[in-house]
Amino acid sequence: MATLLRGVLRPLCAFRGGPGPPAGVPFRAVSHGTGLLYPEHIPTSVLQKVLLAAGSAGMALYDPYRHDMVAVLGETTGRRTLKVLRDQMKRDPEGAQILQERPRISLSTLDMGKLRSLPEGSFGRAYLHFLDVNRVSPDTRAPTRFVDDEELAYVIQRYREIHDMLHTLLGMPTNILGEIVVKWFEAVQTGLPMCVLSALFGPIRLSAQSLQLLISELIPWAVENGRRAPCVLNVYYERRWEQPLQALRQELGITEPPLRVEGLV
């Protein structure tokens, strides 16, 4: 499976050429070269997408932490769902503004000094705490490459870049149990096939104790919150930094997790 995927990816990446733009560069519907719809775009045929989807699905199931494979799977299987999400954003005033302005979340666009100056209990301070404690960076999100529509490419890029915000809102760490819980929330919220796949097959590597807690308490909580919350893509998080975390959770209908999952695997 890995050999098959490398065989498809190698010529495609060679076609793309040199390094892409910084993460802060917005998506725009302009020509970036022959057949390219946005800076990192790699045009692919239906057959290539099928091969990429099959290969990335196999690799993602084997290793749920292969975020690059999860990203490829999302791009090659989620076009119909991305259209639904795009339409939801267009119908919402805040979501429509996000689609129009195309904000990006990266170290080059975030004012880290401002975030550190925010009071305890604010959403921005909680988000920064999440990044620090879990040693993650917003720059680790893979750029969109295989979505053959510039607007839909931004939708999935936005979904990726707010992933850490969802961790913050849900109070979930980045261990495997925390990631699975967030994926269940995202699966209910977005319906993206790769979220559903990760939610269903991610628990394979859990211990018996963690699996029992996941099934009995965490999945029902994540599903309930995912159903109750409005579309999380319609929140302009960059303009909510000063909002109290609890107030934003209340606005979105997100409740406290039933238990702490740090240290559980």
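Guide: Arg102 lies in the loop between helix 5 (93–101) and helix 6 (112–117). Helices (H or I, at least four residues) and strands (E, at least two) are DSSP runs, numbered from the N terminus. The model is predicted, so local features need pLDDT of at least 70 and side-chain atom pairs count only at pLDDT 80 or more, while totals for chains, interfaces and linings use all residues. Residues are numbered from 1 along each chain as its sequence is written, and side-chain values use heavy atoms, with hydrogens and water left out.

Arg102 has a positive phi of about 50°, although it is not a glycine. Arg102 is also buried, with a relative accessible area of 7%. Buried means under 20% relative accessible area, exposed means over 50%, and partly exposed lies in between (1.4 Å probe, protein chains only).

Arg135 has a positive phi too, of about 55°, and it is not a glycine. Arg135 sits in the loop between helix 7 and helix 8 (150–161). At 79% relative accessibility, Arg135 counts as exposed.

Now the wider chain. It has 13 helices and zero strands. Of its 265 residues, 51% count as buried.

Helix 7 leads on to the aromatic residues. The structure holds three aromatic pairs. Phe123 and Tyr237 make a tilted one, with 6.0 Å from centre to centre and 40° between the planes. Phe123 lies in helix 7 (residues 123–134) and Tyr237 in the loop between helix 12 (208–228) and helix 13 (245–252), so this pair ties together parts that are 114 residues apart in sequence. Phe123 is buried, at a relative accessible area of 0%. Tyr237 is buried as well, at 0%.

The rings of Tyr127 and Trp241 have centres 5.3 Å apart and planes at 20°, so this pair is stacked. It links distant parts of the chain: Tyr127 is in helix 7, and Trp241 is in the loop between helix 12 and helix 13, 114 residues apart. Both Tyr127 and Trp241 are buried. The cut-offs are these: rings of Phe, Tyr and Trp (its six-membered ring) pair if their centres lie within 6.5 Å; planes under 30 degrees apart count as stacked, over 60 as edge-to-face and the rest as tilted. Phe123, Tyr127, Tyr237 and Trp241 form one aromatic cluster.

The charged end of Arg239 sits over the ring of Tyr236, 4.2 Å from the ring centre. That term requires NZ of Lys or CZ of Arg within 6 Å of the ring centre and within 35 degrees of the ring normal.

The largest share, six residues, comes from helix 7.

The structure holds one cavity of 30 Å³ or more. The largest cavity has a volume of about 40 Å³. Among its lining residues are Tyr159, Phe185, Glu186, Val232 and Leu233. Helix 10 (residues 176–190) gives the largest share of that lining, four residues.

Both terms rest on a 1 Å grid over the protein atoms alone: a cavity is a set of points where a 1.4 Å probe fits but cannot get out, a pocket is an open set with protein on both sides within 12 Å along at least five of seven lines, and lining residues have an atom within 4 Å of a point. Grid points are joined across faces, edges and corners, and a volume is the space filled by probe spheres set on the points.

Helix 11 (residues 193–201) has Met194, Cys195 and Ala199 as its buried residues. Seen down the helix axis, these fall within an arc of 135°, so they line one face of helix 11. The arc is that of the directions from the helix axis to the C-beta atoms.

Cys195 is buried at 0% relative accessible area, and Cys231 is buried at 13%. A disulfide is a pair of cysteine sulfur atoms within 2.5 Å. By this rule the count is zero disulfides.
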